[in-house]
Amino acid sequence: MNHEPLVELVRDGLVEGVHHGSAIVLAPDGTTLFAAGDPDAAMYPRSTAKPLQATAMVRLGLRLSPAGFAIAAASHSGEPMHLDAATAVLDGRSPDALGNPADFPYDPVERDHWVAAGRSSSRLAHNCSGKHAAMLATCDLNGWSTDGYLDPAHPLQRAIAATVEDLTGRGIERVAVDGCGAPLFATTLRGLATAVAKIATATPGTPDHLVADGIRRHPELVGGSRRDVTAVMRAVPGLIAKDGFEAVQVAALPDGTAIAVKIADGGDRARQPVLAAALKLCGIDVPSGPGNLRVTGKLAASAGSL
């Protein structure tokens, strides 16, 4: 990807570091409001793909509570509320059935409590356990074997791939394996923004809307009580947002205005100021994160002109 400078780290007026990246903001009609870097280059969406994967499963007939849809689309922090929500989706299955690795809670406070209590890592505590629980439930619903459910050739993953292509409007350029073991379908930032806009504007009662409704009702399950993705959804009514490893971020307003961001070096600290600046382009002010980080280049010029 041909990235460009998006965020500077400043100390006493001197630029100490620069985060390059790419970003795009789409209008409700799909036209480009802003673009920086290379939003049409192939990239891995990491966990920002989870709302798309959850939508695929709902299209396959999965029906959960709003909390269930939220945890299915989550990279959760491993707080008790997250473990309870994922357990509910398992619906009696043992957490050992989950195909994701065992891990400690993602949230550092929860992780410290977990370790101090002498608890071992578990599959349920992994931040992707809600998605995997939903995958198992979808296989059961459709009469598919759960053996090999993470194989790209499994009927579940083929159906998810088809939905990703439908939502993004693009063919899948490459298939990799995500950190949780699930197939990871490469797309573009423009494709990601297009997909999340479709989910955010879905007609009430449709499968896609069930996912958006779950995310909106339970932003605390999508991230966690100390996560910026949860804070921004609480601050902006109707916004759906999802963060991902390697500093990927997507967000969409109820009218279909959509944002997708990728920080080139995977520096997570740069996501929040870029998202805040992109939202400012849409007329919305939210906290931009640490004061020693500032947006730069075209994004700073565009956001600062408002």
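Predicted model: local features only at pLDDT ≥ 70, side-chain atom pairs only at ≥ 80, totals over all residues.

Visitor: OK, then which residues is Thr55 in contact with, leaving aside its neighbours within four places in sequence?
Guide: Thr55 touches Thr163, Leu167, Ile199, Asp208 and Val211, once those neighbours within four places are set aside.

Visitor: Where does Thr55 sit, and is it buried or exposed?
Guide: Thr55 is part of helix α1. Its relative accessibility is 0%, so Thr55 counts as buried.

Visitor: Let's do charges. How many salt bridges are there?
Guide: The count is 17 salt bridges.

Visitor: Give me one. What does Asp40 pair with?
Guide: Asp40 meets Arg190 through their side chains, with N to O at 2.6 Å.

Visitor: What about Arg93, which residue does it bridge to?
Guide: Arg93 forms a salt bridge with Asp140, and their closest N and O atoms are 2.8 Å apart. Arg93 lies in the loop between α3 (80-90) and α4 (108-116), while Asp140 is in helix α5 (residues 129-142), so the pair ties together parts 47 residues apart in sequence. Arg93 is partly exposed at 29%, and Asp140 is partly exposed at 44%.

Visitor: One more. Where are Arg226 and Asp107 in the chain?
Guide: Arg226 is in the loop between α9 (219-222) and α10 (228-235), and Asp107 is in the loop between α3 and α4, 119 residues apart. Their side chains meet in a salt bridge at 3.0 Å, N to O. Arg226 is partly exposed at 46%, whereas Asp107 is buried at 3%.

Visitor: Which residues do salt bridges with shared partners join into one network?
Guide: Asp40, Arg170 and Arg190 are joined into one network that way.

Visitor: Switching to the greasy bits. Which residues in the largest nonpolar core touch the most other members?
Guide: That core has 91 residues, and the ones touching the most other members are Met135, Val232, Met233, Leu239, Val274 and Leu279. Helix α7 gives the most to this core, with eight residues. As background, nonpolar side chains in soluble globular proteins tend to be buried together.

Visitor: Pick Val232. What is it in contact with, beyond four places in sequence?
Guide: Val232 is in contact with Leu239, Ala241, Leu275, Leu279 and Val286, leaving aside neighbours within four places.

Visitor: Now cysteines. How many disulfides?
Guide: The count is zero.

Visitor: Last topic, strand β8. How many of its residues are buried?
Guide: β8 (residues 258-263) has six of its six residues buried. Ala258, Ala260 and Lys262 are on one side, with Ile259, Val261 and Ile263 on the other, and both faces are covered. In general, side chains in a regular strand alternate between the two faces of the sheet.

Visitor: Which strands pair with β8?
Guide: β2 (residues 14-26) joins β8 through six bridges, running antiparallel. Val25 has Ile259 in β8 as its bridge partner. β7 (residues 248-252) also pairs with β8 in the antiparallel sense, over five bridges, and there Val248 is partnered with Lys262.

Visitor: And the turn from β7 to β8, which residue takes a positive phi?
Guide: Gly256 does, with a phi near 100°, in a hairpin that has five residues between the strands.

Conventions. Residues numbered from 1 in each chain as written. Heavy atoms only, no water. Salt bridge = Lys/Arg side-chain N within 4 Å of Asp/Glu carboxyl O. Helix = DSSP H or I, 4+ residues; strand = E, 2+ residues; numbered from the N terminus. Buried < 20%, exposed > 50% of the residue type's maximum accessible area, 1.4 Å probe, protein only. Core = buried A, V, L, I, M, F, W, Y, C linked by side-chain atoms within 4.5 Å. Contact = heavy atoms within 4.5 Å. Disulfide = S-S within 2.5 Å. Pairing = 2+ DSSP bridges.
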